[in-house]
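Subject: Structure for your review

Dear colleague,

Please find below the structure that I am handing over to you. My findings follow it, and I would ask you to read them with the structure open.

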Amino acid sequence: MHGPASPGWLLVALCAATGAYCLLRMRSTVEEQRRSAGGEALMGFGMAAMAVPAAVFSPPSWAWPGYAALFGAAALRALWSARTSRHHLHHLVGTSAMVYMAIVMAVSPAHHAGHGASSGVPLLTGALLLYFTVYVLLSGVRLIPVAAGGGAVAWGDRPELARACRLSMGIAMVAMLITL
């Protein structure tokens, strides 16, 4: 997005690693976990692509509407899935935030190149920042271990790693919204 290149590349690495782990989670034997991991992998890789520093690569003008369409479709899928699982409401907020950021970048290409004031709707950006900040804080608290589990669990089925994956994407979303 915007800002210095080094933090941008760290954000790209974090999001890409998260997306890769979510792909591993798609091998789970639990259907709901596979479905959730697929959406999270899309978010991770999409966030990585959007976080590439503008000084290094400025995407073509058609890329931002493409991102908006892709994440719009993912938002519709999350809305449909939210009928059966409350967790998908978070996916709906995340994909909607990605649509919002893509639209902002599409209508203000000069800002993406690092020239100009802040863009976006300040109230909406602030609401999304508040949501993801609270989400990150609550996710961090949920990572505190309560008791040691027993038995061998496959890497794709480890709940603490899935929570850490979601936490890292929440942190990345806060960083992306701040730089918007």
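The largest pocket of this predicted model holds about 380 Å³ of space. Its lining consists of Arg86, His87, Leu89, His90, Tyr131, Val134, Tyr135, Leu138, Ser139, Arg142, Arg163 and Arg166. By class, these lining residues are 5 nonpolar, 3 polar and 4 charged. Three helices, α4 (87-107), α6 and α7, each contribute at least two residues to the lining of the largest pocket. The largest share comes from α6, with 6 residues.

Two of these helices, α6 and α7, also pack against each other, and I describe that packing next. In general, two packed helices are described by the angle between their axes and the distance between the axes. For α6 (residues 122-142) and α7 (residues 159-179), the axes come within 9 Å and cross at roughly 155°. An angle over 145 degrees counts as roughly antiparallel, and α6 and α7 are therefore roughly antiparallel to each other. The crossing of α6 past α7 is left-handed. On the α6 side, the contact is made by Thr125, Leu128, Leu129, Phe132, Thr133, Tyr135, Val136, Ser139, Gly140 and Arg142. On the α7 side, the residues in contact are Arg163, Arg166, Leu167, Gly170, Ile171, Met173, Val174, Leu177 and Ile178. The contact of α6 with α7 comprises 11 nonpolar, 5 polar and 3 charged residues.

The structure also holds 1 cavity of 30 Å³ or more. The volume of the largest cavity is about 130 Å³, and 13 residues line it. Nearest the centre of the largest cavity lie Met43, His90, His91, Gly94 and Met169. His90 is also among the residues that line the largest pocket. Helices α2 (31-50), α4, α6 and α7 each supply at least two residues of the cavity lining, which divides into 6 nonpolar, 5 polar and 2 charged residues.

Finally, I turn to the pairing of α2 with α1. The axes of α1 (residues 5-25) and α2 come within 7 Å and cross at roughly 160°, and the two helices are therefore roughly antiparallel to each other. Here too, the crossing is left-handed. Among the α1 residues that meet α2 are Val12, Cys15, Ala16 and Gly19, while the α2 residues in this contact include Gln33, Arg34, Ser36 and Ala37. The contact of α1 with α2 has 11 nonpolar, 4 polar and 3 charged residues.

Yours sincerely

Notes. Residues numbered from 1 in each chain as written. Predicted model: local features only at pLDDT ≥ 70, side-chain atom pairs only at ≥ 80, totals over all residues. Heavy atoms only, no water. Axes fitted to C-alpha atoms, helices over the stretch in contact; angles between N-to-C directions. Helix = DSSP H or I, 4+ residues; strand = E, 2+ residues; numbered from the N terminus. Parallel < 35°, antiparallel > 145°, perpendicular 65-115°, else oblique. Left-handed = near helix turned anticlockwise from the far one by under 90°. Contact = heavy atoms within 4.5 Å. Nonpolar A, V, L, I, M, F, W, Y, C, P; charged D, E, K, R; others polar. 1 Å grid on protein atoms, 1.4 Å probe; cavity = no way out; pocket = protein on both sides within 12 Å on 5 of 7 lines; lining within 4 Å. Points joined across faces, edges and corners; volume = space filled by probe spheres on them.
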